[in-house]
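Q: Could you walk me through this structure? I'm new to this, so please take it one topic at a time.

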Amino acid sequence: MEIKHVNGKHKGVFKALDGDEVEAGRMTYSWAGEDKLIIDHTEVNPDFKGQGVGKELLLTLVDYVREHKIKVIPLCPFAKSMFERMPEIQDVLQ
């Protein structure tokens, strides 16, 4: 599984791709200023449910925001629940 990040001026996405470039899942976000992003939505392809794709997308996003000193506002229900269950990533929360 490869995760690609596409960062735009106002929005961005982390995409999980399997070896055949099939999209296994995506996590979208919107910028809230220069140092905060809002996780809008997480979606996993039904063929990849239960394989940890959503969690891997979130952990990749957390690595990115830590590296760039960005804070996160998780509006997406999936991301919000993962932050509640994983205290080790809560340092990036706004």
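A: Let's begin with a term we need for the charged residues: a salt bridge is a side-chain nitrogen of Lys or Arg within 4 Å of a carboxyl oxygen of Asp or Glu. Please keep in mind that this is a predicted model.

Q: OK, how many salt bridges does the structure hold?

A: The structure holds four salt bridges. One of them joins the side chains of Asp91 and Arg66, at 2.6 Å from N to O. Because Asp91 lies in the segment after H2 while Arg66 is in helix H1, this pair ties together parts that are 25 residues apart in sequence.

Q: And how exposed are Asp91 and Arg66?

A: Asp91 has 42% relative accessibility and counts as partly exposed, and Arg66, with a relative accessible area of 35%, is partly exposed as well.

Q: Which side chain does Glu23 meet in a salt bridge?

A: Glu23 meets Arg26, with 2.6 Å between N and O. Glu23 is partly exposed at 28% relative accessibility, and Arg26 is partly exposed at 25%.

Q: What about Lys36, which residue does it form a salt bridge with?

A: Lys36 forms a salt bridge with Asp35, where the closest N and O atoms are 3.9 Å apart, which places them within the 4 Å that the definition asks for.

Q: Is Met1 buried or exposed?

A: Met1 is exposed, because its relative accessible area is 57% and the cut-off for exposed is over 50%. Met1 lies in the segment before strand E1 (2-7). Apart from neighbours within four places in sequence, Met1 is in contact with several residues, among them Ala16, Leu17, Asp18 and Val53.

Q: Switching topic, how many aromatic pairs are there?

A: The count comes to three aromatic pairs. In one of these, the ring centres of Phe14 and Tyr29 are 6.0 Å apart and the planes are at 45°, so the pair is tilted. This pair links distant parts of the chain, with Phe14 in strand E2 and Tyr29 in strand E3, 15 residues apart. Both Phe14 and Tyr29 are buried.

Q: And how do the rings of Tyr29 and Trp31 sit?

A: The centres of those rings are 5.8 Å apart and the planes of Tyr29 and Trp31 are at 90°, so this pair is edge-to-face. Taken together, ring pairs link Phe14, Tyr29, Trp31 and Tyr64 into a cluster.

Q: Now the helix: what span should H1 have, and how far apart are its end C-alpha atoms?

A: Helix H1 covers residues 53-68, and at 1.5 Å a residue its 16 residues should span 22 Å; the end C-alpha atoms are 23 Å apart, which agrees. Just after H1, Lys69 takes a positive phi of about 55°.

Q: Which residues in H1 are buried, and what do they pack against?

A: In H1 the buried residues are Val53, Gly54, Leu57, Leu58, Leu61, Val62, Tyr64 and Val65. The buried residues of H1 pack against E1, E2, E3, strand E4 (36-44), strand E5 (71-74) and helix H2 (77-85).

Q: Last one: which residues touch the most other members of the largest nonpolar core?

A: That core has 26 residues, and those touching the most other members are Leu37, Ile39, Leu58, Leu61, Val65, Val72 and Phe83. The elements giving two or more residues to this core are E2, E3, E4, H1 and H2, and its largest share, seven residues, comes from H1. As an example of the packing, and leaving aside neighbours within four places in sequence, Ile39 has contacts that include Leu58, Leu61, Val72 and Phe83.

Key. Residues numbered from 1 in each chain as written. Predicted model: local features only at pLDDT ≥ 70, side-chain atom pairs only at ≥ 80, totals over all residues. Heavy atoms only, no water. Helix = DSSP H or I, 4+ residues; strand = E, 2+ residues; numbered from the N terminus. Buried < 20%, exposed > 50% of the residue type's maximum accessible area, 1.4 Å probe, protein only. Contact = heavy atoms within 4.5 Å. Phe/Tyr/Trp six-rings, centres within 6.5 Å; stacked < 30°, edge-to-face > 60°. Expected span 1.5 Å × (residues − 1). Core = buried A, V, L, I, M, F, W, Y, C linked by side-chain atoms within 4.5 Å.
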